[in-house]
Amino acid sequence: MTKEKILKIAKEKNIGFVRLWFTDVLGFLKSFDIPVEELGGALKEGMGFDGSSIEGFSRIEESDMVVKPDPNTFQIIPWIKEDRPVAKMFCNVLEPDGKPFTGDPRYVLKRNLQEAKNMGFTFNVGPELEYFYFRNTGGTEILDRGGYFDLTPMDIGQDLRRKTVLVLEKMGIEVEYWHHEVASSQHEIDLRYKDALTMADNVMTYRMAVKEVAMNNNLYATFMPKPVYGINGSGMHTHMSLFKGKKNVFFDSKDNAHLSKTAKYFIAGLLKHAREICSICCQWVNSYKRLVPGYEAPVYVSWAQRNRSALVRVPVYKPGKEKATRIELRNPDPACNPYLAFSVMLAAGLEGVKGKYPLPPQVTDNIYEMTEKQRKRAGIESLPDDLFEAIQITEKSALVRKALGDKVFEYFIRNKKDEWDEYRRQVTKYELGKYLAIL
Ligand SMILES: Nc1ncnc2c1ncn2[C@@H]1O[C@H](COP(=O)(O)OP(=O)(O)OP(=O)(O)O)[C@@H](O)[C@H]1O
Ligand SMILES: [Mg+2]
């Protein structure tokens, strides 16, 4: 897409306003509107804004920043019903001198993708974002009794899922299928995999579209990892592969598991650095309430074909489907910053490829049923128990510091320490229920 083409489309479609989208370090979508008359200038020079009001961006004394729209991300927003349509564009955040702002999560991902490109690789990603529908933000009343792939008349989500898919398709986002998930009130819409930058943008749009459609139907959609105790939480299993041109270099027809050496090094890299990158893939205190035994969410660091109790799962190879050879990382959750999460996944995998890391044997048993002794003997580590442990491990990680860059890395660590500190001071309903009457 060129500047000229966008201006032509904007004219043809009688666009009235354009929303300029970018994200802060925690992955919240930021947006400001411009009238279409400003679009030419924005595409050429960018638009100034106050960076000191954005989480993790800049201090007040250096707050002048610029957003420059990425021409490839121009799309009309279907849920805004105005006389003149409104479009959106994802932006790159720049310093006033036009240099990329190193604190911009989108730039962080682009930098890591450039490193993969220097090695000849394209990084493709297919995340499965799960979410819940509730009545509103006031509580977690369950709205249906459905389960995995259930279709019941009570499943008010079936209409909303379909409406959301129509919105996503109108925005050029390909959907593979959609269904009710394991937990009541829980749903999933599966996007067709894409290069990681396009997919990170798509994840931001997906979260917005799901919430907008829910709101337009008087419901509330949430990507909170574990909103209800005792039922499955919402994950973002992330399928990934490396391509060279049109060739999927994770595939090897001669291997038992049809996995190439590159794929095995990549898995070994993910496993070796799993605990270091965990705080980026599962960034909230609540994220760790999902990573407990008994809910298909991973707790231990291992890999296997098929086995859904493993951290890294290799879906079964289907003859003739070489392009679909992939690996699935199962601990990320849909409340992560996709730009940062995809960056650290790629960095960990590539570290394995560069270092030719040996791949430990796969664990085909149900790890949840193994004793601590058996896990120790098999050399199976656990993921961090909570955000505090996760952040301490990340803080010592040279890999994550390099992948995120000093600015984002230091801000993230500081912010998450504050979050934990605030959390640990809370006196929770659970404590009152358990202790007040007996102590
Ligand atoms: N080569 C590839 N690289 C990256 N992602 C891919 C590739 N091929 C397919 N995918 C993506 O992998 C995802 C597979 O999703 P699917 O729901 O089938 O996974 P699953 O883990 O088997 O399902 P579930 O977790 O719901 O049981 C899709 O997003 C698909 O686009
Ligand atoms: Mg999956």
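What we have is a predicted model, in which local features need pLDDT of at least 70 and side-chain atom pairs count only at pLDDT 80 or more, while totals for chains, interfaces and linings use all residues. Residues are numbered from 1 along each chain as its sequence is written, and side-chain values use heavy atoms, with hydrogens and water left out.

Let me begin with the pockets. On a 1 Å grid over the protein atoms alone, a pocket is an open set of points where a 1.4 Å probe fits, with protein on both sides within 12 Å along at least five of seven lines, and lining residues have an atom within 4 Å of a point. The largest pocket has a volume of about 1000 Å³, a volume being the space filled by probe spheres set on the points, which are joined across faces, edges and corners. Its lining comprises 45 residues, and E128, Y177, H239, R313 and R326 lie nearest the centre. Strand 7 (122-134) is among the strands that each supply at least two residues of this lining, and with six residues strand 7 gives the largest share; strands here are DSSP runs of E with at least two residues, and helices are runs of H or I with at least four, numbered from the N terminus.

The second largest pocket has a volume of about 500 Å³. It is lined by 14 residues, of which K226, Y229, N286, K289 and Y430 are the closest to its centre.

Turning to the helices, the axes of helix 6 (residues 261-272) and helix 7 (residues 274-281) come within 6 Å and cross at roughly 75 degrees, the axes being lines fitted to C-alpha atoms over the stretch in contact, with angles running from 0 to 180 degrees between N-to-C directions. Helix 6 and helix 7 are therefore roughly perpendicular to each other, a label covering 65 to 115 degrees. Helix 6 contributes L270, L271 and K272 to the contact, and helix 7 contributes A274, E276 and I277, where contact means heavy atoms within 4.5 Å.

Lastly, there are 27 salt bridges, each a side-chain nitrogen of Lys or Arg within 4 Å of a carboxyl oxygen of Asp or Glu. One of them joins R19 and D33 at 3.1 Å, N to O.

Notes: Chains are lettered from A and ligands numbered from 1 in the order in which they are written. Angles under 35 degrees count as roughly parallel, over 145 as roughly antiparallel, 65 to 115 as roughly perpendicular and the rest as oblique.
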